[in-house]
Amino acid sequence: MATDNIYKVLKAAVEEVIDESPLIKTFVLTPEVPFKFSTGEFIELTLDGLGEAPFTPSSSPYITDKMEVTIMKTGYVTEKFHKLKRGEILGIRGPFGRGYPVEKFFGKEILILSGGCGLAPIRSLLFALERIKDKLKKVTLCYGSKTPTECIYKSLFSRLNKIEKFETYRTVDKYEPGWDESVGVVTTLLDRIQLNIENSVAVVCGPPIMMNFSTVRLLEKGFKDDQIYLSMEKNMSCGVGKCGHCMMGEFFVCKDGPVFTYGQIKHIPDLWK
Amino acid sequence: MNNLYKINRGEWFRLLQVLLVSSYNIFAPVRKNGGIDYTIVNTESYDDIRYNEAKPVTPLKLFFLPVKLNVIKTEKTSKKTIIIGAPSCDVEGLKLLDLIYLNEKFVDKTYFLKREKTLIITTDCYMVQEHCHCTTYGINPYSEKGCDISLSSTLNNIYLTSWSKKKDVFIKKLISSGQIEATSSNESEVISEQRRRTIKYLDEKNEKLPGTVKTGEKIKEPYYEIWKKYPSNCVSCGACSAICPVCTCFIFIDKPGFEKMKQLDICQYPPFERITGGEDPLKELIMELV
């Protein structure tokens, strides 16, 4: 963080706005000074005078002079973000929390389940895994979206499929003409995947209902609680575990997460609400 | 007990008037609207200060965590502050806030500066309110460690015990006035006896209340029957959290120029944890309480 007041923002200019789907855009930002983060950590992105919201960068953690943030239009602040134009100034706070412990993935097969805009943090993780692919056994990405139109990062999949040890699968809930991949929820893809589960970890990121059913399915397949990494979405605000908005059982998601193993949090009542 | 100093009531008032009001902002409890609450002491109101009565409506936390605070523009406080009449229960609450805002991983600078510039003088509670139950949670109705100076009042004298390093300047001012003196063991015993009486009264009054251990167990059971009782008539007004000595949740309100107002927020308000996707872990009131 470039400032010692954690509530003070680092200014960043919008360099490019990329339409990913009708509701999702990626903003390429240029921070006024290089900005470091680890994959899976999140930032608070501020619209001057209007509000801020938490997002996990979708770009590579190895690139510090630019950052990409993918935002789905879901409410007041995100709708304002979607109206941003090139050259406008945003504020960044962070990075906050604990991201993916990639060093624990060394020597393992990594199964990634992602849904909707949940592919944004996963894209950052994929960039990080690509950098250390020699230390990994295999990376399998399963991605689900509602329709082919809402499928984001369309060029990412063909690029990943060309990388040694990487394979990707896509599915949609609802068929549209021209779609030649799977139809069904993301967990249906699991039946097609061969894994040595004992030497695997699973990473899940998406809407709570998708994460809930994915976790259940992974447990059924034989994954153990601590082999499943979940990126929890809560109302993170201050970023340092003080404001109370992201409290989840004994944890503050902003400080102790957002990445948890299922084993860490499975005892929390109403986990997916 | 640490060193106990004594000062005649008349001299204490004179000191407040002459020595202190000029160099400090002094807050102390006075009678207000049927209860007692803090007011800023001026040269005419020092005589209205209530000692040894529980307890001011405004929690001590609001001196350090104001309802609204600009966290980008640093506050420039010129005068030091003295708070007279803080009850022991509020000081215990402040200790918990210190753990949140002044720990080894995070120091909130504004909170730190306010704590540094404030001298807390607690008063023993000789009178208690209907719902006072400090002893149930292992807290005494008088303060020792955690405050800077503790104060007990009798008809003729004010007794002061110093507990922190910060009290030095204040005590030196009193000593230099020539009106403060050490007390006898008999006088200490009078204060101790009054404290014992208050504890006994509170223990008897709250005999049936669960202590900290049992309360902690109940909190761990979110659907415990007792938690269903309170949401039944809760209207999410947030008053309980506002007067709670430790409730400290907040929300940011963004202002132009990337300024942020930190404003006290309360988990009893319906959208407290709601995310834009619509999920809300605290949708049921019962979850807000536990």
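View 1. For the complex, the predictor reports an ipTM of 0.87 and a pTM of 0.87. Chain B has a mean pLDDT of 84, with 94% of its residues at 70 or more. Where pLDDT is low, the predicted coordinates should not be read in detail.

**View 2. Chain B meets chain A.** On the chain B side, 26 residues are in contact with 27 residues of chain A. Which strand gives the most to the side of chain B that touches chain A? Strand E11 of chain B, residues 250-255, does, contributing five residues. By residue type, this side of chain B is made up of 16 nonpolar, two polar and eight charged residues.

**View 3. Two domains sit side by side in chain B.** The domain assignment places domain 1 of chain B at 4-205 and domain 2 at 212-289. Taken over C-alpha atoms, their centres are 29 Å apart. Where the two touch, domain 1 of chain B supplies 20 residues and domain 2 of chain B supplies 12. Two elements give two or more residues to the domain 1 side, namely strand E4 (68-70) and helix H3 (88-101) of chain B. Of these, H3(B) gives the most, with six residues. The domain 1 side as a whole divides into 13 nonpolar, three polar and four charged residues.

**View 4. An open sheet of eight strands can be followed in chain B.** Trace the strands in the order E3-E2-E5-E6-E8-E9-E1-E10 of chain B, and you will find mixed pairing. Strand E3 (35-40) and strand E10 (180-182) of chain B are at the edges; each has a single partner strand, so one side of each has no neighbour in the sheet. From one strand to the next, the twist averages 25°.

Look now at one end of this sheet. Strand E1 of chain B, residues 4-8, pairs with E10(B) in the antiparallel sense, over three bridges. Which residue of E10(B) stands opposite B:Ile7? The residue is B:Ile180.

View 5. The order here is E10-E9-E8-E7-E11-E12-E15 of chain A, and the pairing is mixed. At the edges are E10 and strand E15 (259-261) of chain A, each pairing on one side only. Strand E7 of chain A (residues 109-115) and E11(A) pair in the parallel sense over six bridges. Within that pair, A:Ile110 has A:Val201 of E11(A) as its bridge partner.

Helix H2 of chain A, residues 119-131, lies across E7, strand E8 (138-145), E11 and strand E12 (228-231) of chain A. Its direction is at about 155° to E7(A). Helix H3 of chain A, residues 154-161, lies across E8 and strand E9 (166-172) of chain A, at about 145° to E9(A).

**View 6. A loop residue of chain A, A:Asn196, comes into focus.** You can find A:Asn196 in the loop between strand E10 (182-183) and strand E11 (200-205) of chain A. Is A:Asn196 buried or exposed? A:Asn196 counts as exposed because it has 10 C-beta neighbours inside 10 Å, and the cut-off for exposed is 12 or fewer. A:Asn196 and A:Glu109 are 87 residues apart in sequence, yet their C-alpha atoms are 7.4 Å apart in space.

Definitions and conventions: Residues numbered from 1 in each chain as written. Chains lettered and ligands numbered in written order. Predicted model: local features only at pLDDT ≥ 70, side-chain atom pairs only at ≥ 80, totals over all residues. Contact = placed C-beta atoms within 7 Å. Helix = DSSP H or I, 4+ residues; strand = E, 2+ residues; numbered from the N terminus. Nonpolar A, V, L, I, M, F, W, Y, C, P; charged D, E, K, R; others polar. Domains from an automatic or database assignment. Pairing = 2+ DSSP bridges. Axes fitted to C-alpha atoms, helices over the stretch in contact; angles between N-to-C directions. pLDDT = per-residue confidence, 0-100. Buried ≥ 20, exposed ≤ 12 C-beta atoms within 10 Å, placed from the backbone.
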